[in-house]
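This report describes one protein structure in plain terms. It begins with a single residue and then widens to the rest of the chain.

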Amino acid sequence: MLDVVYYPVSAVLWLWHTAFAALLGSTSGLAWVLAVVFLVATLRAAMYPLFLKQVRTQAVVKRLQPQIEALRKRYPDDRQRQTVEIQKLQRDNGVGLLAGCLPLLGQGLVFLALFHVLRSFDRTAAVGHLPFQATPTPMTPEQNAQTPNYVFDAADVQSFLHADLFGAPLSATLAGSPSAAVAAVAGTLMLVAAIATHFTARATIARQDPTAAQLPMLNTLTLWVFPAGALIGGALLPVAILLYWVSNNAWTLAQQHLVHRRVDAEARAKAEASAVTREHTAPKPGVKPQTGAKTRRGRR
């Protein structure tokens with residue numbers, strides 16, 4: 001159903017693994033670790049223009065908030081007129097609803113695709129597939145090792161199944177009876193992912209407009225419940241998925257900081273330019289502004 005997403009994501013992962021395997025060896029677990037990290041970097045860099053547009057859109061919406069509140073006060077009993085006028089104001093200022101949804105949609109599809117591709121390296125149990133897909137028939141370990149996984153051939157599948165991070169297999173989870181290495185590596189990744197999620201949410205809340213700030217329940221969810229989900233739900237995820245999660249959250253935190261600095265600098269530059277324009281066009285103290293008719297006679 002989502003092969004149009006699975007194949008491109010697996011192809012990017014395959015390219016990075018091939019590159020690092022050429023340097024570190026085809027049996028190197030580090031080659032798989034770096035492939036996952038650089039997959040995140042590649043896909044997030046590709047979506048950077050969408051994220052930048054999203055932040056710029058949020059900045060415009062925040063700037064328009066006083067005008068939006070004025071429209072609500074102007075039409076207090078006409079909700080339909082309110083909606084029409086607010087949409088017109090946003091449209092005239094280049095605000096599009098789609099711009100705020102595309103980055104989230106892209107990240108969601110990438111996560112689902114990578115989750116599916118990485119879990120499909122081990123098809124010995126009917127787990128790890130998306131809810132809307134038919135439950136696959138479990139394979140024997142021998143069948144699984146000899147069956148390609150999207151763009152990965154059987155040798156790649158076997159290489160992944162033997163790859164590990166500090167002794168923890170990339171395909172292992174905390175569920176069941178994990179080894180000490182799996183518990184240490186997965187636990188550390190889950191904790192880092194939760195911390196990064198919390199601080200990303202904190203930075204977002206610090207920049208939200210006053211209307212959004214009046215939603216304490218939503219802020220509580222993003223600040224505490226979602227990070228807690230990383231700790232609880234992470235126990236069911238393979239080490240490779242946790243590695244992706246940490247890399248993605250770290251990228252989001254850094255990108256958010258850099259993009260917000262850039263957008264703030266753009267806003268300051270526009271404000272300074274507007275101030276200079278007003279200063280040059282405003283009448284000097286003590287000088288009576290000329291009317292349009294007088295100005296035209298003076299030009300003659």
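Arg 56 is partly exposed, with a relative accessible area of 32%. The model shown here is predicted. The side chain of Arg 56 takes part in a salt bridge with that of Glu 266, with 2.6 Å from N to O. This pair connects distant parts of the chain, since Arg 56 belongs to helix H3 and Glu 266 to helix H11 (residues 239-281), 210 residues apart. Glu 266 also counts as partly exposed, at 25% relative accessibility.

**The chain as a whole**

The protein chain contains twelve helices and two strands. Read from the N terminus, its elements follow the order α-α-α-α-α-α-α-β-β-α-α-α-α-α. The protein chain has 300 residues, and 36% of them count as buried. Its accessible surface comes to about 17700 Å², and carbon and sulfur atoms account for 64% of that area. Among contacts in the protein chain with a separation of 6 or more, 65% are between residues 24 or more positions apart.

Lys 62 is in helix H3 (residues 48-74). With a relative accessible area of 40%, Lys 62 is partly exposed.

**Salt bridges**

How many salt bridges does the count come to? The count comes to five salt bridges. The table lists some of them.

| Salt bridge | N to O distance |
|---|---|
| Arg 56 and Glu 266 | 2.6 Å |
| Glu 69 and Arg 72 | 2.8 Å |
| Arg 81 and Glu 85 | 2.9 Å |

Glu 69 and Arg 72 both belong to helix H3, where they sit three residues apart, about one turn of the helix. Glu 69 counts as partly exposed at 30% relative accessibility, and Arg 72 is partly exposed as well, with a relative accessible area of 33%.

Arg 81 and Glu 85 are both found in helix H4 (residues 79-92), four residues apart, which is about one turn of the helix. Is Glu 85 buried or exposed? Glu 85 counts as buried because its relative accessibility is 19%, and the cut-off for buried is under 20%. Elsewhere, salt bridges that share partners join Arg 56, Arg 262 and Glu 266 into one network.

**Aromatic pairs**

A search of the whole structure gives 13 aromatic pairs. One of them is formed by Trp 16 and Phe 38; this pair is tilted, with 4.9 Å from centre to centre and 45° between the planes. Trp 16 is in helix H1 (residues 3-24) and Phe 38 is in helix H2 (residues 29-46), 22 residues apart, and the pair links distant parts of the chain. Trp 16 counts as partly exposed at 27% relative accessibility. Phe 38 is likewise partly exposed, with a relative accessible area of 32%.

Which residues form one aromatic cluster? The cluster consists of Trp 32, Phe 121, Phe 152 and Phe 160.

How values were computed
Residues are numbered from 1 along each chain as its sequence is written. This is a predicted model: local features need pLDDT of at least 70, side-chain atom pairs count only at pLDDT 80 or more; totals for chains, interfaces and linings use all residues. Side-chain values use heavy atoms; hydrogens and water are left out. Buried means under 20% relative accessible area, exposed over 50%, partly exposed in between (1.4 Å probe, protein chains only). Contact means heavy atoms within 4.5 Å. Accessible areas come from the Shrake-Rupley method with a 1.4 Å probe; for residues, only the protein chains shown count as cover. A salt bridge is a side-chain nitrogen of Lys or Arg within 4 Å of a carboxyl oxygen of Asp or Glu. Rings of Phe, Tyr and Trp (its six-membered ring) pair if their centres lie within 6.5 Å; planes under 30 degrees apart count as stacked, over 60 as edge-to-face and the rest as tilted.
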